[in-house]
Amino acid sequence: MSEDGRVTYRPADPCLLVLFGATGDLAKRKLLPALCNLAQNGLLAREFSVVGMAREDLSHEEFRRRIGEAMREFGPKNMDPALWARLESRLYYARGQFGDPEAYKALSQLLEKTDREGGTQGNYLYYLATPPSVFPEIAAQLGRAGLAQGGEHRAGWTRMIVEKPFGRDLDSARALNRSLLQGFDEDQLYRIDHYLGKETVQNLLVFRFANGIFEPIWNRRYVDHVQILVSESVGVENRGRYYEEAGVLRDMIQNHMFQLLALVAMEPPISFAARAVRDEKVKVLHAVGRLQPEDIIQRTVRGQYGKGFASDKPVPAYRSEPHVSPTSTTETYAALKLFVENWRWADVPFYLRSGKRLPTRETQIVIQFRRAPLLLFRDMPGGELAPNRLVVHIQPDERIRMRFQAKLPGPGVHLANVDMEFRYADLAPASPGTGYETLLYDCMTGDATLFHRSDMVEAAWTIATPILDVWQALPPRDFPNYASGTWGPRSADELIERDGRQWSNPDV
């Protein structure tokens with residue numbers, strides 16, 4: 001901590017970032033701007049270099065010029081020119097097909113030269129910003145080229161960041177894990193989920209386990225149910241080809257939302273070490289009750305948006321989007337009712353829902369507590385007591401809100417809902433970011449807490465795959481079944497209303 005009370009962090013380890021897919025959108029829009037933000041905040045080592053690899057035939061100078069143009073559009077607006085000049089001079093490029101062994105021989109020579117000249121101490125960080133179909137090939141080629149482990153010429157660490165999706169179902173996820181583990185050890189693999197880089201998500205652990213007033217009531221005795229929502233106001237835009245192969249269950253629920261569920265429901269870890277935290281998270285996923293086909297029919301809902309309005313402007317149905325089949329049965333909305341079958345959460349339902357073309361963009365977790373006994377207030381005006389709710393808003397406005405009952409001023413006893421709210425903007429000024437800064441920094445420092453482990457990936461697919469199988473066997477007959485700009489199909493409302501509950505929708 002600095003003399004003025006501000007928290008300070010050490011720079012990340014010196015390293016050489018090898019960026020596969022360096023000319024793609026993810027690299028230009030997210031990853032390289034994130035590196036610039038880390039450098040601006042003093043979190044990137046001075047001994048740092050980037051080698052980009054892609055199929056295009058570019059020289060080092062052409063690659064630097066292209067990245068410079070992208071940074072002017074997507075990078076930090078207040079970038080120190082001298083700092084950018086230093087970073088730009090550390091950008092290198094290697095052309096090659098991802099399956100060509102000769103390309104990796106040339107890459108190995110460039111890395112050795114760049115490492116020696118840049119003082120990156122033999123630390124190699126590979127980032128697979130590529131289609132998932134080439135993940136196994138890149139990992140295998142790196143292994144054959146002697147680049148997966150530290151060689152005789154270097155004594156540093158070697159790590160690999162893998163972008164999602166991690167498979168399409170349980171079998172493909174297991175096959176992917178096997179292929180990655182042929183050349184790399186599990187502790188070298190960092191399966192990234194940018195959702196877990198958000199401050200509010202990370203704060204869930206501190207919120208629960210550093211405050212004595214919450215953890216004692218974080219269980220089935222006091223919690224009525226939990227809702228997790230990820231809503232998007234946009235449609236599929238130009239991602240029709242990808243989305244036709246994915247759908248919302250694969251794209252959003254199986255990874256992002258199951259991780260949020262694990263953070264909400266996990267037991268206290270013995271420490272904040274990565275292994276201890278991830279051990280408790282995977283226990284939650286293993287404890288989620290497996291749904292039988294009849295359960296899936298009763299406790300899951302899927303939907304597809306039709307035409308409607310977004311921001312008062314007409315928008316097309318999903319089937320009319322570019323690169324989407326006019327008879328598509330891909331779901332753009334899903335709602336699930338799950339149970340975590342352990343002593344803490346037995347009989348407490350967890351309702352998960354996510355969809356596109358909903359009224360607003362919002363990610364939130366709602367912990368609804370059991371209603372207070374009504375005996376004392378049964379004759380009061382204003383109807384029944386509203387339950388207490390704790391709402392964790394993850395995006396776009398990061399905040400935590402607690403709702404409780406209070407007396408309205410004046411004669412007599414009249415109750416009203418009131419909120420206590422904490423906003424992250426009040427704690428510290430928001431720093432510009434892409435969502436990848438924390439995750440890149442953690443990988444460079446060797447902290448795997450926020451990354452997926454192979455058993456976590458497979459446990460999540462164990463929950464999702466039976467649902468996908470039933471949905472494939474029983475094609476929907478009512479698509480599209482919700483209008484753009486609404487909160488989803490009527491059957492989703494019925495799913496929670498059958499239990500005497502209602503969705504907690506964000507304000508629009």
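Me: How many bridges pair E4 and E5, and in which sense?
Reply: This is a predicted model. E4 and E5 belong to an open sheet of 6 strands, in the order E3-E2-E1-E4-E5-E6. Tyr124 stands opposite Thr158 in E5. The two strands pair in the parallel sense, and the bridges number 5.

Me: What angle does helix H12 make with E5?
Reply: Helix H3 (residues 81-89) touches strand E2 (48-54) and E3, and its direction makes about 30° with that of E3. Helix H12 (residues 437-445) touches E1, E2, E4, E5 and E6. Its angle with E5 is about 155°.

Me: Which kind of aromatic pair do Phe20 and Phe98 form?
Reply: The whole structure holds 14 aromatic pairs. For Phe20 and Phe98, the centres are 6.1 Å apart and the planes make 65°. Planes over 60 degrees apart count as edge-to-face. The pair is therefore edge-to-face.

Me: How many residues apart are Phe20 and Phe98, and are they buried or exposed?
Reply: Phe20 sits in strand E1 (residues 15-20), while Phe98 sits in the loop between strand E3 (91-95) and helix H4 (101-118). The pair links distant parts of the chain, 78 residues apart. Buried means under 20% relative accessible area. Phe20 has 0% and Phe98 has 5%, so both are buried.

Me: Why is the Tyr126 and Phe184 pair described as it is, and which parts does it tie together?
Reply: The ring centres lie 6.3 Å apart and the planes are at 85°, so the pair is edge-to-face. Tyr126 is buried, and so is Phe184. Tyr126 lies in strand E4 (residues 124-128), 58 residues in sequence from Phe184. Phe184 lies in the loop between helix H6 (170-183) and strand E6 (189-191).

Me: Which residues do ring pairs link into a cluster with Phe20?
Reply: Phe20 pairs with Phe98. Tyr126 pairs with Phe184. Ring pairs link Phe20 into a cluster with Phe98, Tyr104, Tyr124, Tyr126 and Phe184.

Me: What distance separates Arg159 from the ring centre of Trp157?
Reply: Arginine also lies over ring faces in this model. Arg64 lies over the face of Tyr92, at 5.2 Å from the ring centre. Arg159 lies over the face of Trp157, at 3.8 Å.

Me: Which residue caps the N-terminal end of H6?
Reply: Buried residues of H6 include Leu170, Ala173, Leu176 and Leu180. The buried residues of this helix pack against helix H5 (135-144), strand E5 (158-162), E6 and helix H13 (454-473). At the N-terminal end, a side-chain oxygen lies 3.4 Å from the backbone nitrogen of Asp171. That oxygen belongs to the cap, Asp169.

Me: Which residue is the bridge partner of Arg302 in E12?
Reply: An open sheet of 8 strands, with mixed pairing, has the order E8-E12-E13-E7-E14-E15-E16-E17. Its edge strands are E8 (300-303) and E17 (415-423). E8 and E12 (residues 333-339) run antiparallel, joined by 4 bridges. The partner of Arg302 is Ala334.

Methods
Residues numbered from 1 in each chain as written. Predicted model: local features only at pLDDT ≥ 70, side-chain atom pairs only at ≥ 80, totals over all residues. Heavy atoms only, no water. Phe/Tyr/Trp six-rings, centres within 6.5 Å; stacked < 30°, edge-to-face > 60°. Buried < 20%, exposed > 50% of the residue type's maximum accessible area, 1.4 Å probe, protein only. Lys NZ or Arg CZ within 6 Å of the ring centre and 35° of its normal. Pairing = 2+ DSSP bridges. Contact = heavy atoms within 4.5 Å. Polar contact = N/O pair within 3.5 Å; in protein donor to acceptor, adjacent residues only side chain to side chain. Axes fitted to C-alpha atoms, helices over the stretch in contact; angles between N-to-C directions.
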